[in-house]
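Subject: Handover of a structure and notes on its contents

Dear colleague,

Please find below the structure that I am handing over to you.

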Amino acid sequence: MNLKIAVLPGDGIGPEISRQGVDVMTAVCERFGHNVSYEYAICGADAIDKVGDPFPEETFKTCMNADAVLFSAVGDPKFDNDPTAKVRPEQGLLAMRKKLGLFANIRPVETFDCLIHKSPLKDELVSGADFICIRELTGGMYFGEKYQDNDKAYDTNAYTRHEVERILEVAYKYAMQRRKHLTVVDKANVLASSRLWRQVAKEVALRYPEVETDYMFVDNAAMRMIQDPKFFDVMVTENTFGDILTDEGSCITGSMGLLPSASTGEHTPVFEPIHGSWPQAKGQNIANPLAQILSVAMLFEYFGLKEEGALVRKAVNASLDANVRTPEIQVEGGARYGTKEVGAWIVDYIKNA
Ligand code: IPM
Ligand code: MN
């Protein structure tokens, strides 16, 4: 297969983990005889510094011309602490999602047996937890009408029937492939937008009689996730709720550095870790590359390359089992492996597998 990949390393730890993702991708493609090529493009704070735009037209073109985008992270504290900044790195990520029509963000929350103890939750609660959050990615408050002056500000949480229906269809497709249990997460007791979600969900549910659908308020879902994470199989929710709940989900897995995601929709799909740019760790070779590497597994799987994806997952599991881990998940007293060393170990494993 020919694979043309747009690589967007971005900011902070982005470039470091990006390199590991690319190396893993190259190793797998070599092994399976795929012809992969990469085109690099700028985004985020890096692109603001270079051309004044966090998602320049050039980058958009590179993404549109690719089969897939391997994205890393954007964000820089110099913008976080400046509420008056006119452009922000995050706008680059949002522009990419919007312009590529990536309305469905697939965020699996899985556990690794050897990392169960890294979760702040009790082992027996976490062990075996395995669900997917389907986060709507191009609507809601992120993109609704906004206003801000010195006395007043608002963000509008707008959704159309079409937007809700298409994300629910994605969620039901996933539920059909899994344990056939879908939880629709909303705040229908307070929000009009959520009431529309629930109404549309009830209609779409009729098309999937085999799937058990339940409806849960987001506050309750946040609690249920830590009280009984195994309750969930597939959950579907709007943009903002999905953002919050998936960070919470990383506490089930044990580290933010372990959760990959796929963003799909109308144009080129994007594969990205759910974590941010962790600027404090930039250049220190301590960031966990696994979320990025697992995003590569999701990329292969998206193109139906199951064995390739499975090999990446196998290599990741082997690295964890061998204690080749970045500091935040290393066992007490264990050797310290850096971003590069974890990546290199995994590449080696793939070459010799
Ligand atoms: C994520 C991130 C982004 C989001 C930020 C960086 C804009 O937190 O992908 O979850 O809020 O969607
Ligand atoms: Mn987030």
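Predicted model: local features only at pLDDT ≥ 70, side-chain atom pairs only at ≥ 80, totals over all residues.

Residues are numbered from 1 along each chain as its sequence is written, chains are lettered from A and ligands numbered from 1 in the order in which they are written, and side-chain values use heavy atoms, with hydrogens and water left out.

I begin with the ligand. Around ligand 1 stand Glu90, Leu93, Arg97, Arg107, Arg135, Tyr142 and Asp243; a residue is listed here if one of its heavy atoms lies within 4 Å of the molecule. In the case of Asp243, a side-chain N or O atom is 2.9 Å from an oxygen atom of ligand 1. The structure holds nine aromatic pairs; rings of Phe, Tyr and Trp (its six-membered ring) pair if their centres lie within 6.5 Å, and planes under 30 degrees apart count as stacked, over 60 as edge-to-face and the rest as tilted. One of them joins Phe271 and Tyr302: the ring centres are 5.8 Å apart and the planes stand at 70°, so this pair is edge-to-face. It links distant parts of the chain, 31 residues apart, with Phe271 in strand β12 (residues 270-273) and Tyr302 in helix α11 (residues 290-302). Helices (H or I, at least four residues) and strands (E, at least two) are DSSP runs, numbered from the N terminus. Phe271 is buried at 0% relative accessibility, whereas Tyr302, at 43%, is partly exposed. Here buried means under 20% relative accessible area, exposed over 50%, and partly exposed in between (1.4 Å probe, protein chains only).

A further pair is formed by Trp345 and Tyr349, whose ring centres are 5.8 Å apart with planes at 20°, so the pair is stacked. Both residues lie in helix α13 (residues 339-352), four residues apart, which is about one turn of the helix. Trp345 is partly exposed at 28% relative accessibility, and Tyr349 is partly exposed at 25%.

Arg166 lies over the face of Phe103, at 4.1 Å from the ring centre, and the charged end of Lys202 is placed over the ring of Tyr215, 4.8 Å from its centre. A charge counts as sitting over a ring if NZ of Lys or CZ of Arg is within 6 Å of the ring centre and within 35 degrees of the ring normal.

Some individual residues deserve a look in turn. Ser263 belongs to strand β11 (residues 260-264) and is buried, with a relative accessible area of 0%. Its side chain has a polar contact of 3.1 Å with the side chain of Asn105 and another, of 3.3 Å, with the side chain of Glu272. A polar contact is a pair of N or O atoms within 3.5 Å; within protein, one must be able to donate a hydrogen and the other to accept it, and residues adjacent in sequence count only if both atoms are side-chain atoms. Not counting residues up to four places away in sequence, Ser263 touches several residues, including Leu102, Ala104 and Leu137; contact means heavy atoms within 4.5 Å.

Thr246 is found in helix α10 (residues 239-253) and is buried, with a relative accessible area of 1%. Leaving aside neighbours within four places in sequence, Thr246 is in contact with Arg107, Cys133, Leu259 and Ile274. Arg107 is also among the residues around ligand 1.

Val126 lies in helix α6 (residues 123-126) and is buried as well, at 1% relative accessible area. Apart from neighbours within four places in sequence, its contacts are Thr111, Ile116, Ser119, Leu121 and Ile252. Val126 and Gln227 are 101 residues apart in sequence and 9.4 Å apart in space, C-alpha to C-alpha.

Lastly, is Tyr147 buried or partly exposed? At 35% relative accessibility, Tyr147 counts as partly exposed. Tyr147 lies in strand β6 (residues 146-148), and its side chain makes a polar contact of 2.6 Å with the side chain of Asp149. Beyond its neighbours within four places in sequence, Tyr147 is in contact with Lys152, Ala153 and Tyr154.

Yours sincerely,

A colleague
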